[in-house]
Amino acid sequence: MDPPPAADPGPAKAPEGSGPQGEMDLPVADPGPVRTEGELLECPYCDSEAMHKLAQFLLPGLAAVCVDSTTGDLFRSPSVVAVDLRKEMVDHITQRSETFIAEALIESEANQNPENEMPDDPYEIVSIFMDDFSSTKRNIIGHVSGWLLSDSRDDKIDDFVQEMEMTRFWPLERREAIAEVLLKNVDIKTKFHCPEKYENEERLADHKAQCSFRPVTCPNEGCRAKVSVCCMQDHDAACLFKILQCEQNCEKRLLRRDMDRHCVTVCSMRPMKCPFGCDSSFPETKLGEHCSESLQLHLLKVLQAIHKKGSTADELKDRALQLEKSDDNGKLAKARDARSLTNIVKDLEAKMKSSS
């Protein structure tokens with residue numbers, strides 16, 4: 001009898017080098033000099049955030065390919081095909097990236113319509129490469145438009161991404177090495193990498209010390225991001241670890257990542273509407289001031305609710321003035337909502353009635 005099929009072990013972390021799992025021995029991005037064009041030394045720096053964005057996109061892209069190619073297959077799961085499809089996908093998008101600039105130039109010369117210009121966003125370009133590759137790997141079910149737009153497909157892709165992250169099937173540093181190559185290959189306008197080349201290492205070293213793409217660590221405490229110098233201003237404007245003055249101008253200084261929660265929950269300057277139902281809106285810290293300044297208006301609203309019938313507007317105004325005069329302890333102005341003010345008014349009216 002044939003032995004039963006082994007259980008699917010999921011995508012295993014492949015060994016370094018060319019092992020039985022087909023792990024690609026791709027180096028981590030290295031800022032060392034690159035020899036190109038007849039011994040010229042190429043500056044290795046690029047936009048680190050753009051590279052990181054590309055690297056993050058590769059994993060869900062692979063997950064989508066694996067899910068679409070095995071949907072409805074009783075004998076294969078995404079984890080079974082992941083190693084082979086990863087290699088095919090990397091080969092495909094790398095080869096496409098190597099010819100992208102030449103193809104873009106040829107197309108721009110042949111087609112003078114500016115509306116048909118090739119995209120210059122590396123993320124968008126690589127997305128096109130990924131979509132083209134993915135379409136060649138979908139099985140019959142994977143080609144059905146209903147499946148491509150279904151929540152079930154999205155859930156399976158998300159689950160497989162999490163599985164690969166947990167097993168470190170494709171670590172971020174390896175994806176960044178690939179993303180760096182892709183970024184430089186498709187950056188037709190050199191917005192995202194340094195194009196400078198030098199004859200010797202001494203001149204290259206001088207350039208690297210001042211290159212606008214050289215990586216620096218974010219100075220905000222707690223943030224470990226490495227960002228190109230030219231992108232630091234944009235990073236700082238969005239860094240979650242940046243300490244800022246409260247947006248609502250209270251006395252607090254806090255991390256950007258905590259700003260929204262602070263402003264909504266505990267900020268003394270968060271806006272509030274009048275609890276007595278008038279149309280006023282003010283910072284919470286100004287509630288006491290508002291209650292004192294608008295006491296007559298609040299009293300009229302409470303008296304209208306207590307004496308629904310039998311009192312004219314002028315009578316209620318006179319009643320409000322009498323209540324203020326009889327309030328020796330200032331309790332009326334200290335009330336912070338309609339219920340507490342109503343109780344104080346009823347107590348004062350009862351005292352006024354018994355003393356008359």
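Over the ring of which residue does the charged end of K53 sit? The ring is that of Y123, and the charged end of K53 lies 4.5 Å from its centre.

The structure is a predicted model, in which local features need pLDDT of at least 70 and side-chain atom pairs count only at pLDDT 80 or more, whereas totals for chains, interfaces and linings use all residues. Residues are numbered from 1 along each chain as its sequence is written, and side-chain values use heavy atoms, with hydrogens and water left out.

**Charges over rings**

A charge sits over a ring if NZ of Lys or CZ of Arg is within 6 Å of the ring centre and within 35 degrees of the ring normal. Two examples are tabulated.

| Charged residue | Ring | Distance to ring centre |
|---|---|---|
| K53 | Y123 | 4.5 Å |
| R86 | F169 | 4.4 Å |

**Nonpolar cores**

A nonpolar core is a set of buried Ala, Val, Leu, Ile, Met, Phe, Trp, Tyr and Cys residues joined through side-chain atoms within 4.5 Å; buried means under 20% relative accessible area, with a 1.4 Å probe and protein chains only. The largest such core has 40 residues, of which L62 and W170 touch the most other members. The elements giving two or more residues to this core are α1 (48-70), α2 (78-110), α3 (122-137), α5 (151-166) and α6 (172-186); α1 gives the most, with 13 residues. Helices are DSSP runs of H or I with at least four residues, strands are runs of E with at least two, and both are numbered from the N terminus. Apart from this core lies another, of 22 residues, among them C278, A320, I344 and V345.

Contact denotes heavy atoms within 4.5 Å. Beyond its neighbours within four places in sequence, W170 is in contact with residues including L62, R86 and I178.

**Aromatic pairs**

Rings of Phe, Tyr and Trp (its six-membered ring) pair if their centres lie within 6.5 Å; planes under 30 degrees apart count as stacked, over 60 as edge-to-face and the rest as tilted. Two aromatic pairs are found in the whole structure. In one of them, the ring centres of F100 and F129 are 6.2 Å apart and the planes stand at 70°, so this pair is edge-to-face. It links helix α2, which holds F100, to helix α3, which holds F129, 29 residues apart. F100 is buried at 3% relative accessibility, and F129 is buried with a relative accessible area of 3%.

**Two buried sites**

C267, in the loop between α9 (259-265) and β8 (271-273), is buried at 0%. Its contacts beyond four places in sequence are C246, Q248, C250, H262 and E284. S228 lies in strand β5 (residues 226-228) and is buried at 0% relative accessibility.

Conventions:
Buried < 20%, exposed > 50% of the residue type's maximum accessible area, 1.4 Å probe, protein only.
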